[in-house]
Amino acid sequence: MKHSKDPFEAAIEEEQEESPPESPVGGGGGEGGGDGSEEGRTEIDQTQEEDERPVDVRRPAKKSKTSVAVAEARNKDDDEEEEEENMEVELTKYPTSADPAKMAKMQTILSQFTEDQMSRYESFRRSALQRPQMKKLLIGVTGSQKIGMPMIIVVCGIAKMFVGELVETARVVMAERKESGPIRPCHIRESYRRLKLEGKVPKRSVPRLFR
Amino acid sequence: MSNTPATAAASSSKSKAAGTSQPQEKRKTLFQKELQHMMYGFGDEQNPLPETVALVEDIVVEYVTDLTHKAQEIGSKRGRLLVDDFLYLIRKDLPKLNRCRELLAMQEELKQARKAFDVDEKELVD
């Protein structure tokens with residue numbers, strides 16, 4: 001657990017220095033996608049690092065739970081993992097969709113992760129909203145019987161990123177209030193209010209009546 | 001005194017009719033387990049508080065519902081609800097838009113790979 005020079009933050013600084021000229025543009029397509037999503041990820045991990053230092057005392061107590069939870073996640077998500085691994089292998093064959101320089105940088109960062117960082121990154125990559133549940137929800141909302149697979153996938157992706165925005169903003173709120181520990185509903189509510197002000201939450205033209 | 005059995009019976013039947021609301025109704029959670037892993041991945045503790053997970057689930061369901069309603073409004077102008085309606089709605093949010101494009105491209109690749117795999121198998125059989 002020694003972060004003498006903090007190689008992680010050094011690698012982040014290196015990446016951030018070079019990233020502005022390659023900022024995500026719609027025309028960039030795959031590469032733009034790679035930039036946008038990976039920049040988002042590195043920012044997430046940086047805030048986690050700062051959070052994990054004061055909370056380090058609690059980590060050893062929870063380690064037994066983490067191994068069980070991660071093992072469970074592994075068993076459930078084995079198929080997804082295989083899919084992901086295959087996808088990564090395929091992506092290296094098509095350099096247009098994944099920048100090899102970016103991938104090399106990601107490799108250097110990932111190799112220097114601590115166990116906690118790795119487990120958190122693993123949860124981040126592998127967690128996903130379940131498609132049958134989302135399909136049920138979409139069918140209920142639209143009223144139509146058939147929902148195409150691409151639509152379910154897209155909505156799951158959008159929802160996952162929205163959860164990310166909620167949780168990250170909640171952590172920012174906690175830092176402002178100088179609190180630590182698990183995120184509480186009041187933080188989530190404040191984070192949701194801020195996202196609404198930013199315009200990231202679709203507004204209802206008709207107020208919601210019966211919950 | 002003679003009234004009490006009648007009123008007791010009436011009140012008991014009333015309470016039976018309303019009995020389903022007396023014990024707390026269990027909320028049907030759609031994404032609870034996955035949300036726990038997801039929140040950990042995004043910065044929460046290893047085991048997030050259950051009330052926090054419930055609140056996030058409610059917010060996400062409301063978000064998806066509102067987003068889908070808006071997409072339907074847009075889709076109704078052209079006939080059917082399409083994936084492009086969702087992409088139009090998040091056009092301002094670049095990380096989401098790029099991520100969706102990535103997901104759709106990966107799905108296309110997988111579909112092509114599976115189709116090629118099936119074709120190879122058929123050729124082997126022949």
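In chain B of this predicted model, the axes of helix H2 (residues 32–42) and helix H3 (residues 50–78) come within 10 Å and cross at roughly 105°. That makes H2(B) roughly perpendicular to H3(B), where angles of 65 to 115 degrees count as roughly perpendicular, under 35 as roughly parallel, over 145 as roughly antiparallel and the rest as oblique. Axes here are lines fitted to C-alpha atoms, for helices over the stretch in contact, with angles running from 0 to 180 degrees between N-to-C directions, and helices are DSSP runs (H or I) of at least four residues, while strands (E) need at least two, numbered from the N terminus.

**Where H2 and H3 of chain B meet**
- On H2(B), Gln32(B), Leu35(B), Gln36(B) and Met39(B) are in contact (heavy atoms within 4.5 Å) with Thr52(B), Val53(B), Val56(B) and Glu57(B) of H3(B).
- Sorted by class, this contact has 4 nonpolar, 3 polar and 1 charged residues, with Ala, Val, Leu, Ile, Met, Phe, Trp, Tyr, Cys and Pro taken as nonpolar, Asp, Glu, Lys and Arg as charged, and the others, Gly among them, as polar.

**H3 of chain B against chain A**
- Helix H9 (residues 185–198) of chain A has an axis that comes within 9 Å of that of H3(B), crossing it at roughly 25°, and H9(A) and H3(B) are therefore roughly parallel to each other.
- Pro185(A), Ile188(A), Arg189(A) and Tyr192(A) make this contact from H9(A), while H3(B) contributes Glu51(B), Thr52(B), Leu55(B), Val56(B), Ile59(B) and Glu62(B).
- The contact of H9(A) with H3(B) has 6 nonpolar, 1 polar and 3 charged residues.

**The interface as a whole**
- Chain A and chain B bury about 6,300 Å² between them, 68% of it on carbon and sulfur atoms, where buried area is the accessible area (1.4 Å probe) lost by two parts on being put together, summed over both.
- In chain A, Met151(A), Ile158(A) and Pro202(A) lose the most area to chain B, together 9% of what that side buries.
- The contact draws on 72 residues from chain A and 55 residues from chain B.

**Salt bridges**
- Over all chains there are 14 salt bridges, and 3 of these lie across the interface of chain A and chain B, a salt bridge being a side-chain nitrogen of Lys or Arg within 4 Å of a carboxyl oxygen of Asp or Glu.
- Arg171(A) forms a salt bridge with Asp44(B), with the closest N and O atoms 3.9 Å apart.
- Arg171(A) also meets Glu45(B) in a salt bridge (3.9 Å, N to O), and this pair runs from helix H8 of chain A to the loop between H2 and H3 of chain B.

**Conventions**
- Residues are numbered from 1 along each chain as its sequence is written, and chains are lettered from A, and ligands numbered from 1, in the order in which they are written.
- Local features need pLDDT of at least 70 and side-chain atom pairs count only at pLDDT 80 or more, whereas totals for chains, interfaces and linings use all residues, and side-chain values use heavy atoms, leaving out hydrogens and water.
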